[in-house]
Amino acid sequence: PPLLPALTERLAAARPQLLAAQEALRRAEAARSRLAAAARSPGMQAPLRRVDALLPLARDGLELALAAPDLLGADGTRTYLVLLQDSNELRATGGFIGAVAEVTLDRGRLAVTFDDSEGIDDLAGHPYPEPPAPLQHYMGVDLWLFRDANWSPDFPTSARTALRFYQLGRGRVAGGVIAVDERAVQELLRATGPVVIPGEAQPVSAERVVQYMRGQYNRGFPQRRKAFLGPLAQAIAARLQAPGVDLPRLAAVARRALDERHALVYLPDGPLAPLLARYGWDGAVRPPADDFLMVVSSNVGYNKVGPYIAEQWSYTVDLTQPAAPYAQLSVRQTHTRAGPADCGWVERRRAARYEDYFAGCFWNYLRVLVPAGSTLFDAATNPTPGAWLRTGRDEPGAVTVAPGEANTFALSTFLIVPRGGTRETVLRYHLPPQVLRHDGRTWRYGITVQKQPGRDALPLTVRVRLPPGATLSATSLPPQSVAAPWVSYRLDLRQDQRLELAFSP
């Protein structure tokens, strides 16, 4: 039978057995906690490692199985918004919102309607608020509209803004928000296989879906630039409801898209909210108690130059004086496309070909989220000549410090990277003392680096300087090099990264 209706019916019917399994799992976890002494036995270590890997998966799988029927509309129609974000025009939660789908699920039966994001707002019927100051200042935007709803890097915050604007524009309420970029669509098609779209000479596969979308945009200019998204979405929805879908493969690609932040899910106050938060799939900014870093770029230049921007980041933390640690972050951005170095401001326009948006400089409003209590004491930034700006006034590249999401501080600056050019932004700041913990004999330092959604893997170099004479005693990740007093790491930001190390004085 079709996958989603069958899944909905069978999981709803299995609820008593699933609840019994959940209770049995609790007993198993309690039994495992009593085996701490046995874990020291060589013969028990390998089996217990297997158990420790499986128990969390079983717990999360049961949570998902129990919540799925309600999410799929077993007890009434559920409506969700799906934001299609264009990561070539990078924004805080993954990209510019180019289109939106309204997805309804009724007992697993799926219905999808698509619209251009610019067709959502009802300017005549409702007052809209002023936009975030950078959008107003650098882009000349007068009203905060649906297409710019994802300004906050905290996805739950941006999702609530999108829900509010959607209700203003369409008068309808949705129960959650899913954001996807082109990579997530490719992953989905890898699981479903190619889809057949009426009028297309050949099926659309994961390998050619980006080419298909750009070609259809060019063909539909100017009246119906994004009309092709409806047939594409309908084809994918039909494929998901057809018999024979490989459910394990679908789950695997969905997990990869969520882990790598090419898909985000906001389900407020639902039974799955704790699970989404535990894996970071809700896209929330969630700093730990120690060090934290999130670099957020937002394209405010009316173009889509993301594929031509190469970046290298390096982060140095100096623990020479444990009571007064400080950090230095370097963000180096290079525009790899050749062209005139002039970056004069261009009014918003609709390009006849999608590829025309690739021309231009990178207008970047850069935000760096750091632990609350940090103090900026030095910066090397990039001034912008007034001839390149809408206002006509020179800007010195100043850094503003303001409260950020989730009890962080946001260090923000604006820069333009010209074609064929490189710009480096360096920030130096004191960290709050709590990034280090001391248990009487050992000092412990930890940092979480949160990936901005929509990005591909980025290289990050982390260097930690230990106090004089200190000895590295433990590290959660293998270092690239250890040469006292420095410990160096090379991280791949395909996903969020967590690093912990311990040292003795």
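**Pockets, sheets and helices**

Analyst: The largest pocket holds about 1,800 Å³ of space, and please keep in mind throughout that this is a predicted model.

User: How many residues line the largest pocket, and which lie nearest its centre?

Analyst: The lining of the largest pocket is made up of 50 residues, and those nearest the centre are Ile178, Leu250, Ala254, Leu258 and Val265.

User: Which helix gives the most to that lining?

Analyst: That is helix H9, residues 247-259, which contributes eight residues to the lining of the largest pocket. Sorted by class, the lining of the largest pocket consists of 46 nonpolar residues, one polar residue and three charged residues.

User: And how much space lies in the second largest pocket?

Analyst: The second largest pocket has about 480 Å³ of space. It is lined by 21 residues, and the ones closest to its centre are Ser87, Gly306, Pro307, Gly454 and Asp456.

User: What classes of residue are in the lining of the second largest pocket?

Analyst: The lining of the second largest pocket divides into eight nonpolar, six polar and seven charged residues. At least two residues of this lining come from each of helix H6 (182-192), helix H7 (209-220) and strand E7 (309-318).

User: OK, new topic: sheets. What is the order of the strands in the open sheet of five?

Analyst: The order is E3-E2-E1-E4-E5, and the pairing in this open sheet is mixed. Strand E3 (109-116) and strand E5 (263-266) are the edge strands, each of them pairing on one side only. From one strand to the next, the twist averages 20 degrees.

User: Then which way do E1 and E4 run, parallel or antiparallel?

Analyst: Strand E1 (residues 78-86) and strand E4 (residues 177-180) run parallel and are joined by four bridges. As one example, Leu84 has Val180 in E4 as its bridge partner. Helix H8 (residues 229-241) packs on this sheet, where it touches E1, strand E2 (96-106) and E3, and the direction of H8 makes about 165 degrees with that of E3.

User: What about E2 and E3, parallel or antiparallel?

Analyst: E2 and E3 pair in the antiparallel sense, over eight bridges, and Asp106 stands opposite Arg109 in E3. The hairpin of E2 and E3 has two residues between the strands, and in this hairpin Arg107 takes a positive phi near 55 degrees.

User: Where else is there a positive phi in a residue other than glycine?

Analyst: Another case is Arg261, whose phi is near 65 degrees, and Arg261 is placed in the loop between H9 and E5. For background, most residues other than glycine have a negative phi, and most peptide bonds are trans.

User: So which peptide bond is cis here?

Analyst: The peptide bond from Ala484 to Pro485 is cis, and its omega is near 5 degrees. Pro485 sits in the loop between E18 and strand E19 (486-492).

User: E18 is new to me. Which sheet has E18 in its order?

Analyst: E18 belongs to an open sheet of seven strands with mixed pairing, in the order E10-E13-E8-E7-E16-E19-E18. The edge strands are strand E10 (375-380) and strand E18 (481-483), and each pairs on one side only. On average, neighbouring strands of this sheet are turned by 15 degrees against each other, with direction ignored. Within it, E7 and strand E8 (residues 326-335) pair in the antiparallel sense over 10 bridges, and Trp313 stands opposite Val331 in E8.

User: Last topic: at what angle do the axes of H1 and H2 cross?

Analyst: The axes of helix H1 (residues 3-13) and helix H2 (residues 15-33) cross at roughly 60 degrees and come within 5 Å. H1 and H2 are therefore oblique to each other.

User: Which residues meet there?

Analyst: From H1, Leu11, Ala12 and Ala13 meet Arg15, Pro16, Gln17 and Leu18 in H2. By class, this contact of H1 with H2 has five nonpolar residues, one polar residue and one charged residue.

Notes:
Residues numbered from 1 in each chain as written. Predicted model: local features only at pLDDT ≥ 70, side-chain atom pairs only at ≥ 80, totals over all residues. Heavy atoms only, no water. 1 Å grid on protein atoms, 1.4 Å probe; cavity = no way out; pocket = protein on both sides within 12 Å on 5 of 7 lines; lining within 4 Å. Points joined across faces, edges and corners; volume = space filled by probe spheres on them. Nonpolar A, V, L, I, M, F, W, Y, C, P; charged D, E, K, R; others polar. Pairing = 2+ DSSP bridges. Axes fitted to C-alpha atoms, helices over the stretch in contact; angles between N-to-C directions. Contact = heavy atoms within 4.5 Å. Parallel < 35°, antiparallel > 145°, perpendicular 65-115°, else oblique.
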